[in-house]
Amino acid sequence: MESQFLSILALVALVLLVGVTGGVIYLTLADWRDRRRQENETRELKRSTAKRR
């Protein structure tokens, strides 16, 4: 009985660990993508204002 409980507890811990790791990876990639997009928009804005002068 105790062995079965510990197995279930270990499985739940593993699932939570995988879920949290996946969430961290997703948030890291989303932040990287947003930062890259913002840098590209800033570069485009600088190019367009430089051409007008």
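This is a short tour of a predicted model, going from the whole chain to single side chains.

**The whole chain**

Start with the protein chain in a cartoon view. The chain has 1 helix and 0 strands. Helix 1 covers residues 2-52.

Of the 53 residues, 2% count as buried.

**The nonpolar patch**

Select Leu11, Leu14, Val15, Leu17 and Val18. Together they make a nonpolar surface patch of about 500 Å². Keep valine 15 selected, a residue of helix 1. Is valine 15 buried or exposed? Valine 15 counts as exposed because its relative accessibility is 53%, and the cut-off for exposed is over 50%.

**The charged side chains**

Next, colour the charged side chains. There are 10 positive and 6 negative ones, and the centres of the two sets lie 15 Å apart. How many salt bridges does the structure hold? It holds 4, and the next stops visit some of them.

- Select aspartate 31 and arginine 35. Their side chains meet in a salt bridge, at 2.4 Å from N to O. The two residues are 4 apart in helix 1, so about one helical turn separates them. Aspartate 31 is partly exposed at 41% relative accessibility, and arginine 35 is partly exposed at 43%.

- Select arginine 33 and aspartate 34. They form a salt bridge whose closest N and O atoms are 4.0 Å apart. Aspartate 34 has a relative accessible area of 35% and is partly exposed; arginine 33, at 44%, also counts as partly exposed.

- Select glutamate 44 and arginine 47. In this salt bridge the closest N and O atoms are 2.8 Å apart. Both residues lie in helix 1, and their spacing of 3 residues is about one turn of the helix. Glutamate 44 counts as partly exposed at 46% relative accessibility, as does arginine 47 at 47%.

Key
Residues are numbered from 1 along each chain as its sequence is written. This is a predicted model: local features need pLDDT of at least 70, side-chain atom pairs count only at pLDDT 80 or more; totals for chains, interfaces and linings use all residues. Side-chain values use heavy atoms; hydrogens and water are left out. Buried means under 20% relative accessible area, exposed over 50%, partly exposed in between (1.4 Å probe, protein chains only). Lys and Arg count as positive and Asp and Glu as negative; His and the chain ends are not counted. The place of a charge is taken as NZ of Lys, CZ of Arg, CG of Asp or CD of Glu. Patches are made of residues with over 30% relative accessible area and no salt bridge: like charges are joined within 9 Å, nonpolar side chains (Val, Leu, Ile, Met, Phe, Trp, Tyr) within 5 Å. Accessible areas come from the Shrake-Rupley method with a 1.4 Å probe; for residues, only the protein chains shown count as cover.
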